[in-house]
2 protein chains.
Amino acid sequence: MTFGEYIRVIREEKQLLLREVASQMNIDTALLSKIERGTRIARKEQVEALAKALKQNKSEMLQYWLADKIVFMLKEEKNITEILKIVEQKINRLSKK
Amino acid sequence: MTFGEYIRVIREEKQLLLREVASQMNIDTALLSKIERGTRIARKEQVEALAKALKQNKSEMLQYWLADKIVFMLKEEKNITEILKIVEQKINRLSKK
DNA sequence: TTTGACTTGTCAATATTTGTCTAATGTAAG
DNA sequence: CTTACATTAGACAAATATTGACAAGTCAAA
């Protein structure tokens with residue numbers, strides 16, 4: 001499930017309209033629509049506003065959002081597993097020091 | 001070791017000057033200097049040209065470069081491990097389907 | 001002090017991202 | 001069918017970010 005699908009599910013569960021949520025976020029309805037459909041990437045502040053509007057845990061939502069961006073970066077690559085291993089090694093080294 | 005440090009080590013092992021490598025890459029020496037020092041991010045084509053100039057395996061070098069970019073995205077975050085787990089789940093789901 | 005390697009700061013040109021507007025499409029109710 | 005409303009698509013200017021180049025700077029060895 002992509003970030004967009006994820007937030008759409010939540011919005012629909014809460015029976016809120018795009019218009020309502022977008023208004024709370026202070027953005028155009030069309031933009032939120034695009035974010036949900038994955039044709040636009042939300043900015044960090046927008047994710048935060050969205051979490052507030054949907055009464056969700058902000059950092060959890062940010063995690064999904066960031067994970068999505070990383071998946072997007074990797075999508076086209078061949079050796080994704082290898083790349084993620086390198087990332088983990090680097091992260092581990094960062095936290096050790 | 002960051003991407004910049006990594007390519008600098010290779011360049012120095014081969015006893016090449018910034019000027020020489022940059023020239024082969026068709027970029028300014030100053031720009032290569034910045035890339036090595038991490039104050040500028042190389043573009044994909046530049047990494048490829050660099051691999052050629054240093055006679056390194058292109059896809060391996062691109063892996064280090066991409067990994068570095070991801071680390072950079074994550075550096076400031078709290079729950080990096082959690083985020084990486086989500087990424088892996090998403091990737092696995094992608095490859096299954 | 002001169003030379004050569006490298007670094008730094010700045011800047012215009014270029015490219016990308018952003019948000020909004022308008023028009024289109026979809027859909028349920030009357 | 002018409003109306004009313006929700007959502008989506010496309011196009012655009014404005015805002016931001018990235019890029020490469022240049023000039024001036026530091027530094028170390030000769």
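## Surface near DNA strand D

Four helices each supply at least two residues of the surface near DNA strand D: α1 (3-13), α2 (18-25) and α3 (29-37) of chain A, and α3 (29-37) of chain B. The model is a predicted one. With four residues, α3(A) gives the most to this surface. Around DNA strand D there are 17 residues, of which R8(A), L18(A), R19(A), S33(A) and R40(B) come nearest. By class, the residues near DNA strand D are six nonpolar, two polar and nine charged. Sugar or phosphate accounts for 61% of the atoms of DNA strand D within 4 Å of the protein, and bases account for the rest.

## Surface near DNA strand C

DNA strand C is surrounded by 17 residues, and the closest are R8(B), L18(B), R19(B), S33(B) and K34(B). Of the atoms of DNA strand C within 4 Å of the protein, 55% are in sugar or phosphate, with the rest in bases. The surface near DNA strand C consists of six nonpolar, two polar and nine charged residues. The side chain of K34(A) has an N or O atom 3.2 Å from a base oxygen of DNA strand C. Two or more residues of the surface near DNA strand C come from each of α3 of chain A and α1 (3-13), α2 and α3 of chain B. Here α3(B) gives the most, with four residues.

| Residue | DNA strand | Distance from a polar side-chain atom to a phosphate oxygen |
|---|---|---|
| S33(A) | D | 2.6 Å |
| R43(B) | D | 3.1 Å |
| R43(A) | C | 3.4 Å |
| Q46(A) | C | 2.8 Å |

## Relation between the protein chains

Chain B is superposed on chain A by a rotation of 180° with 0.0 Å of shift along its axis, at an RMSD of 0.1 Å. The two copies are therefore related as by a two-fold rotation axis. Within chain B, I70(B) has the C-alpha nearest the axis, at 3.4 Å from it. The copies meet through the same surface, because 100% of the interface residues of chain B are also interface residues in chain A.

## Helix packing in chain A

How are α1(A) and α5(A) oriented relative to each other? The axes of α1(A) and helix α5 (residues 58-74) of chain A are 9 Å apart, and the helices pack at an angle of about 150°. This angle makes α1(A) roughly antiparallel to α5(A), because angles over 145 degrees count as such. On the side of α1(A), the contact involves F3(A), Y6(A), I7(A) and I10(A), which meet E60(A), M61(A), Y64(A), W65(A) and D68(A) in α5(A). The residues of this contact comprise seven nonpolar, no polar and two charged.

D28(B) is placed in the loop between α2 (18-25) and α3 of chain B. A polar atom of the D28(B) side chain lies 2.8 Å from the backbone nitrogen of A30(B). D28(B) and N79(B) are 51 residues apart along the chain, and their C-alpha atoms are separated by 39 Å.

How values were computed: Residues are numbered from 1 along each chain as its sequence is written. Chains are lettered from A and ligands numbered from 1 in the order in which they are written. This is a predicted model: local features need pLDDT of at least 70, side-chain atom pairs count only at pLDDT 80 or more; totals for chains, interfaces and linings use all residues. Side-chain values use heavy atoms; hydrogens and water are left out. A residue is near a molecule or strand if one of its heavy atoms lies within 4 Å of it. A polar contact is a pair of N or O atoms within 3.5 Å; within protein, one must be able to donate a hydrogen and the other to accept it, and residues adjacent in sequence count only if both atoms are side-chain atoms. Ala, Val, Leu, Ile, Met, Phe, Trp, Tyr, Cys and Pro count as nonpolar, Asp, Glu, Lys and Arg as charged, and the others, Gly among them, as polar. Copies are superposed by least squares on the C-alpha atoms of residues with pLDDT of at least 70 in both. Contact means heavy atoms within 4.5 Å. Axes are lines fitted to C-alpha atoms, for helices over the stretch in contact, and angles run from 0 to 180 degrees between N-to-C directions. Angles under 35 degrees count as roughly parallel, over 145 as roughly antiparallel, 65 to 115 as roughly perpendicular and the rest as oblique.
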